[in-house]
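Biologist: I would like to go through this structure with you and ask what stands behind the words used for it. Please show it first.

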Amino acid sequence: MPAEKFRFCPRCAAKLKPRLIGGNELMACDSCGYVQYLNPVGAAAGLVLRGEEVLLVQRGIEPFKGAWAIPAGYQDPGESPAEAAEREILEETGLEVRAGALLDLLWVPDDPRKPANVALFACTLTGGNLQAADDAMSAQWFSLAELPADIAFDNKAQVFDRLVAGGDLRRRLDALSGNSPSGFVD
Ligand SMILES: [Zn+2]
């Protein structure tokens with residue numbers, strides 16, 4: 001679903017008109033020159049594992065309200081992706097983490113607010129107490145073998161299915177932690 005297009009200019013309040021720019025029909029202002037670009041935005045997500053359990057939050061807002069997802073959110077202005085992941089996890093779960101290795105950059109085009117590039121970090125728990133807050137209705141640990149049925153976004157295909165034995169995210173995590181089952185990483 002595409003992002004919602006403005007009808008009036010947020011800068012000068014004139015009526016916006018569709019304009020073809022670079023092959024995309026964007027809303028543009030003839031009065032002041034403003035264009036509502038619909039570029040993907042930067043976001044970050046944190047994969048926090050405790051043995052074979054993963055930290056998930058139950059979304060309290062749309063889209064996917066009520067479904068479960070790994071903690072994630074948009075970057076604030078001036079914030080690095082790693083800082084965004086750490087902040088979102090603290091805000092949504094009460095847990096303090098350190099964002100370590102970048103596991104992947106997930107392309108999430110199906111968010112009705114705006115498409116996003118989501119930096120997925122392997123996060124290490126450093127403190128805090130589990131307490132859902134902010135955009136999360138609930139936060140809890142789930143066994144990777146018994147995840148809830150209602151998973152938000154494309155987390156299942158983009159994250160969880162790749163954490164099974166032999167999956168690429170699992171192999172990367174094993175290599176990072178030095179537990180490579182194949183023994184090719186010290
Ligand atoms: Zn304008």
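Biologist: Where is the place of Phe-153?

Modeller: Phe-153 sits in the loop between strand 10 and helix 2 (155-158). Keep in mind that this is a predicted model.

Biologist: Why does Phe-153 count as buried?

Modeller: A residue is called buried if 20 or more other C-beta atoms lie within 10 Å of its own. Phe-153 has 22 C-beta neighbours inside 10 Å, so Phe-153 counts as buried. Its phi is near 50°, a positive value in a residue other than glycine.

Biologist: Which loop holds Phe-64?

Modeller: Phe-64 lies in the loop between strand 5 and strand 6. Pro-63 has its place in the loop between strand 5 and strand 6 as well. The peptide bond from Glu-62 to Pro-63 is cis, with omega near -5°.

Biologist: What is the overall plan of the protein?

Modeller: From the N terminus on, the elements run β-β-β-β-β-β-β-α-β-β-β-α-α. That makes three helices and 10 strands. The protein is divided into domain 1 (1-38) and domain 2 (41-177), and the centres of domain 1 and domain 2 are 33 Å apart, taken over C-alpha atoms.

Biologist: Which strands form the open sheet of three strands, and in what order?

Modeller: The order is 1-2-3, with antiparallel pairing. Strand 1 (17-21) and strand 3 (35-36) stand at the edges: each has a single partner strand, so one side of each is left without a neighbour in the sheet.

Biologist: How do you know that strand 2 and strand 3 pair?

Modeller: Two strands pair if at least two bridges are found between them. Strand 2 (residues 24-28) and strand 3 have two bridges, in the antiparallel sense. Met-27 stands opposite Gln-36 in strand 3.

Biologist: How many bridges join strand 4 to strand 9, and do these strands run parallel or antiparallel?

Modeller: Strand 4 and strand 9 run parallel and are joined by eight bridges. Val-41 stands opposite Ala-116 in strand 9. Strand 8 and strand 9, by contrast, pair in the antiparallel sense, over 11 bridges. Ala-99 has Cys-123 in strand 9 as its bridge partner.

Biologist: Why does Gly-46 count as buried?

Modeller: Gly-46 has 31 C-beta neighbours inside 10 Å, and so it counts as buried. The cut-off is 20 or more. Gly-46 lies in strand 4. Leaving aside neighbours within four places in sequence, its contacts include Ile-70, Pro-71, Ala-85 and Cys-123. Gly-46 and Ala-72 are 26 residues apart in sequence, yet 6.4 Å apart in space, C-alpha to C-alpha.

Biologist: Which residues touch the most other members of the largest nonpolar core?

Modeller: They are Ala-44, Leu-47, Val-118, Leu-120, Phe-121 and Cys-123, in a core of 34 residues. Among the elements that each supply at least two residues of this core are strand 4 (41-50), helix 1 (81-93) and strand 8 (95-108). Strand 9 gives the most, with seven residues. Ala-44 touches, among others, Pro-81, Ala-84, Val-118 and Phe-121, not counting residues up to four places away in sequence.

Biologist: How do you know that the span of helix 1 agrees with its 13 residues?

Modeller: At 1.5 Å a residue, the 13 residues of helix 1 should span 18 Å, and the end C-alpha atoms are 18 Å apart, so the two agree. The expected span uses one less than the number of residues. Among the buried residues of helix 1 are Pro-81, Ala-84, Ile-89 and Thr-93. The buried residues of helix 1 pack against several strands, including strand 4, strand 7 (72-74) and strand 10. Helix 1 is followed by Gly-94, whose phi is positive, near 80°.

Conventions. Residues are numbered from 1 along each chain as its sequence is written. This is a predicted model: local features need pLDDT of at least 70, side-chain atom pairs count only at pLDDT 80 or more; totals for chains, interfaces and linings use all residues. Domain bounds come from an automatic or database domain assignment. A nonpolar core is a set of buried Ala, Val, Leu, Ile, Met, Phe, Trp, Tyr and Cys residues joined through C-beta atoms within 7 Å. A residue is buried if 20 or more other C-beta atoms lie within 10 Å of its own, exposed if 12 or fewer, and partly exposed in between; C-beta atoms are placed from the backbone. Helices (H or I, at least four residues) and strands (E, at least two) are DSSP runs, numbered from the N terminus. Two residues are in contact if their C-beta atoms, placed from the backbone, lie within 7 Å.
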